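Hi everyone, thanks for coming.

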Amino acid sequence: MKRCNSKSHVGRVHSIESFATQDGPGIRFLLFMQGCVASCLYCQNPDTWNLKAGFDMTAEEVLSKVKRCMPYIKASGGGITVSGGEPLLQMKFLVELFRLCKMNNIHTALDTSAFYNKHDEKLLQKLISATDLFILDIKAADETLHKKITSRPLDEVIDLLKILESEKRPYWLRYVLVPKLNDSKKDMQGLKKILTGLKYCEKLEFLPYHTLGKHKWEYMKLKYPLRNTSPASAQDLKKAQALLRKG
Ligand code: SF4
């Protein structure tokens with residue numbers, strides 16, 4: 001792809017969706033970044049894992065695509081959401097992109113599982129300043145289970161949560177509910193414990209586990225780890241929410 005500005009940081013992109021409605025307020029321009037260091041048992045985008053796959057885009061190139069969608073994005077109170085993969089692995093690019101978006105009055109949201117390189121702490125502060133909304137995935141409230149589901153420590157998520165709280169930044173939390181894996185009374189008690197005292201969490205979304213990404217695992221000749229797990233039903237969600245309320 002042709003570069004607009006040779007000084008720009010290049011982002012490694014997996015794909016783009018120009019009309020998304022589930023990932024932040026209003027209609028969103030959704031940018032999926034390539035690369036992830038986790039290997040979640042139910043990942044619906046295992047094709048984003050490889051850090052070397054995908055294609056390059058500069059922040060200006062992304063911005064010019066977002067601008068073309070602005071009439072309907074603005075009218076809906078939407079903006080841009082960057083997801084992945086794990087977008088925080090490309091922090092320099094994100095800072096540049098979100099700063100450009102803010103200069104153009106575009107709402108910025110970041111969908112992350114909080115997996116990033118600790119050397120990027122300073123950049124993270126810059127990114128936080130340019131991000132209107134964090135959408136933080138928390139995949140289990142228990143350290144051992146979190147590691148089993150994601151291969152990464154829960155502390156990484158909790159640390160980012162603490163940073164957002166101390167910076168007084170609004171965020172949403174997302175919890176993918178997987179039957180018989182992270183939906184027990186003990187799981188909900190653990191989640192409640194994490195939620196207690198959070199001031200800047202605007203909402204907690206329970207997302208039902210589904211198997212829509214399974215075919216990608218098969219296509220990539222990977223064994224799908226949750227092949228014996230059923231999708232979460234509306235009943236499962238209600239039950240978990242009731243357990244969470246009770247604590
Ligand atoms: S963090 Fe997201 S992209 Fe990475 S493995 Fe987990 S679900 Fe997949």
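In which loop is lysine 221 found? Lysine 221 is in the loop between helix 7 (214-219) and helix 8 (234-246); helices here are DSSP runs of H or I with at least four residues, strands are runs of E with at least two, and both are numbered from the N terminus.

Before going on, please note that this is a predicted model, where local features need pLDDT of at least 70, side-chain atom pairs count only at pLDDT 80 or more, and totals for chains, interfaces and linings use all residues. Residues are numbered from 1 along each chain as its sequence is written.

Back to lysine 221: its phi is near 60 degrees, a positive value in a residue other than glycine. Lysine 221 counts as exposed because it has 6 other C-beta atoms within 10 Å; the cut-off for exposed is 12 or fewer, with C-beta atoms placed from the backbone.

Now to asparagine 105, in the loop between helix 2 and strand 5 (107-112). Its phi is also positive, near 55 degrees. Asparagine 105 is exposed, since it has 9 C-beta neighbours inside 10 Å.

Next, a cis peptide bond: the one from glycine 84 to glycine 85, with omega near 15 degrees. Glycine 85 lies in the loop between strand 4 (79-83) and helix 2 (91-103).

Finally, the ligand. The residues around it include Gly84, Gly85, Glu86, Cys36, Cys40 and Cys43, where a residue counts if its C-beta atom, placed from the backbone, lies within 6 Å. Thanks, happy to discuss!

Terms used: A residue is buried if 20 or more other C-beta atoms lie within 10 Å of its own, exposed if 12 or fewer, and partly exposed in between; C-beta atoms are placed from the backbone.
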